[in-house]
Amino acid sequence: MRFRALFVIFAGLVMSLCQLSNGKAAIQGDYPFIGFDRLSSGLYLPEKPEKEGKVVRKDPEYLAEVVPADVLEKNGKKVEIAGYMMPISVKGEKVDEFLLLPDTGACCYGAMPALNGYVFARAKKGVNLLDNVPIRIRGKFTVEEVWQGQFFSHLYFMEVEEVIVGFGAIPKDPMIGL
């Protein structure tokens, strides 16, 4: 009985992450949803740029080779993405830069996700620290391969306008069944 209860809770969490229905993005208010299942689909192995300093690759032809078409079409638009916050920069009591990760596995005991498996997020006004709490972020989504010196920074960027605690409602037609 206890196993069944844990399974139901786990299945509910998984279903809440699956915000896709028949391959189309679910709409959460005015923000189309992009899931990590789409962001990190496919193998992404970027090559180090020869140029020193900050390098930003925004070339549409290059990005079309490394980013799924349905994700690339959201470039420059407002979207919603669900995940977990890993703070990078804290000013006062507010987090102004963080990584949005698909799970909490990137803690000090875990492993970082693939290079296309996280979103670098910046909140100009700062947001409250929400550690180990599922959140949804809304804002302008940008696809850009960024290198700082010879170190990879990110492929996905979000200028955060809003942070919502929780993953939201379970979709009516989830991709998985029980």
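Good morning. Of the 178 residues of this chain, 43% count as buried, where buried means under 20% relative accessible area, exposed over 50%, and partly exposed in between, with a 1.4 Å probe and protein chains only. Please note that this is a predicted model, in which local features need pLDDT of at least 70 and side-chain atom pairs count only at pLDDT 80 or more, while totals for chains, interfaces and linings use all residues. Residues are numbered from 1 along each chain as its sequence is written, and side-chain values use heavy atoms, with hydrogens and water left out.

The chain exposes about 10500 Å², an area that comes from the Shrake-Rupley method with a 1.4 Å probe; carbon and sulfur atoms supply 57% of it. There are four helices and ten strands, taken as DSSP runs numbered from the N terminus (helices H or I, at least four residues; strands E, at least two). Their order along the sequence is α-β-β-β-β-α-β-α-α-β-β-β-β-β. Among contacts, that is, heavy atoms within 4.5 Å, those with a separation of 6 or more come to 70% from residues 24 or more positions apart.

Next, the strand pairings. Two strands pair if DSSP finds at least two bridges between them. Strands β7 and β8 are antiparallel partners over five bridges, with L100 opposite V119 in β8. Strands β8 and β10 run parallel and are joined by three bridges; here F120 has F157 in β10 as its bridge partner.

Now the interior. A nonpolar core is a set of buried Ala, Val, Leu, Ile, Met, Phe, Trp, Tyr and Cys residues joined through side-chain atoms within 4.5 Å. The largest one holds 36 residues, of which L39, I81, F98, I137, F141 and Y156 touch the most other members. Elements that give two or more residues to this core are α2 (36–39), α4 (69–72), β6 (78–91), β7 (94–101), β8 (119–127), β9 (135–148) and β10 (151–165). The largest share, six residues, comes from β10. In soluble globular proteins, nonpolar side chains tend to be buried together.

Which residues does I137 touch? Leaving aside residues up to four places away in sequence, I137 touches V79, E80, I81, F98, L100, A121, M158, V160, E162 and V163.

Finally, T142, found in strand β9. Why is T142 classed as buried? T142 is buried because its relative accessible area is 16%. Not counting residues up to four places away in sequence, T142 touches N75, G76, L155, Y156 and F157. Thank you.
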